Amino acid sequence: WGNPSDPSEMSKLSRELLRKNIEEIFQESKEKKRNFTETVELQISLKNYDAKDKRFSGSVRLPVAPKPKFTVCVLADAAHIEEAQKKNIPFMDVEALKNLKKNKKLVRKLAQQYDGFLASDSLIKQLPRLIGPGLQKAGKFPGLLTHDDNIATKVSDTQSTIKFQLKKVMCLAVAVGNLNHTPDEVEKNIILSVNFLVSLLKKNWQNVRSLTIKSTMGKPHRIY
């Protein structure tokens, strides 16, 4: 149980209610056109989750990338630099990382500059020594990039992956789509996200107090 692909896990989430709320979010945004693409966020409130229970973290790849502009930077060795240059992917080499001199402010600035990071396998172990724990603290520790990987595919995977991480508070929020998607794509992303989250919880649905979706500027819509 807790298998995200098991349709019976969906039973707690009313498909009709979900669809109706997604359509309302799209309708609201049409009525109030913004000059940027709004992101759709899933907000989760948990219950009966003891702080002593294991904190969890897990990542799941969604069918379509949730954020419209999700930038990924590659912390690259020589071979990956060449590949990143060919494909116009932002990168930093070892020298550039050394130049940060473990300065917390500079590392924090780097973490804010990009939404996600990948690092060459030869570099990943050296990162704590090169730049300290800043990226990890920002929740953006790089994904692993090997020389067998296709760098563009790996960037696209990173853009489509969301992470659930429970720290001390009983609320979580993750981006699950944006209003450039179709309502159907947003629905698929939400279902996959919710089922995956529930599979991480100790008592599955019994730990879920409420689920709400909202667009960046829109009002919240409760779906569970």
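**Inside the model**

Reply: Happy to! Asn 189 has a relative accessible area of 0%, so it is buried. Keep in mind as we go that this is a predicted model.

Me: In which helix does Asn 189 lie?

Reply: We already know that Asn 189 is buried. Beyond its neighbours within four places in sequence, Asn 189 is in contact with residues that include Leu 62, Pro 63 and Val 176. Asn 189 itself belongs to residues 183-200, which make up helix 9.

Me: Is Leu 75 buried or exposed?

Reply: Leu 75 has its place in strand 3. Leaving aside neighbours within four places in sequence, it is in contact with several residues, among them Met 92, Phe 117, Leu 135 and Pro 142. Buried means under 20% relative accessible area. The value for Leu 75 is 0%, so Leu 75 is buried.

Me: How far apart in space are Leu 75 and Ile 124?

Reply: In sequence, 49 residues separate Leu 75 and Ile 124. In space, going from C-alpha to C-alpha, the distance between them is 8.3 Å.

Me: What is the bridge partner of Ser 59 in strand 7?

Reply: Strand 2 (residues 57-61) and strand 7 run antiparallel, with five bridges between them. Strand 7 has a covered face, Ile 162 and Phe 164, and an uncovered face that includes Thr 161 and Gln 165. Also on that uncovered face is the partner of Ser 59, Lys 163.

Me: What is the volume of the largest pocket, and how many charged residues are in its lining?

Reply: The largest pocket has a volume of about 970 Å³. Of its 32 lining residues, the closest to the centre are Asp 115, Gly 139, Thr 161, Ile 162 and Lys 163. Elements giving two or more residues to the lining include strand 1 (39-46), helix 8 and strand 7. By class, the lining has twelve nonpolar and eleven polar residues, and the charged ones number nine.

How values were computed. Residues numbered from 1 in each chain as written. Predicted model: local features only at pLDDT ≥ 70, side-chain atom pairs only at ≥ 80, totals over all residues. Heavy atoms only, no water. Buried < 20%, exposed > 50% of the residue type's maximum accessible area, 1.4 Å probe, protein only. Helix = DSSP H or I, 4+ residues; strand = E, 2+ residues; numbered from the N terminus. Pairing = 2+ DSSP bridges. 1 Å grid on protein atoms, 1.4 Å probe; cavity = no way out; pocket = protein on both sides within 12 Å on 5 of 7 lines; lining within 4 Å. Points joined across faces, edges and corners; volume = space filled by probe spheres on them. Nonpolar A, V, L, I, M, F, W, Y, C, P; charged D, E, K, R; others polar. Contact = heavy atoms within 4.5 Å.
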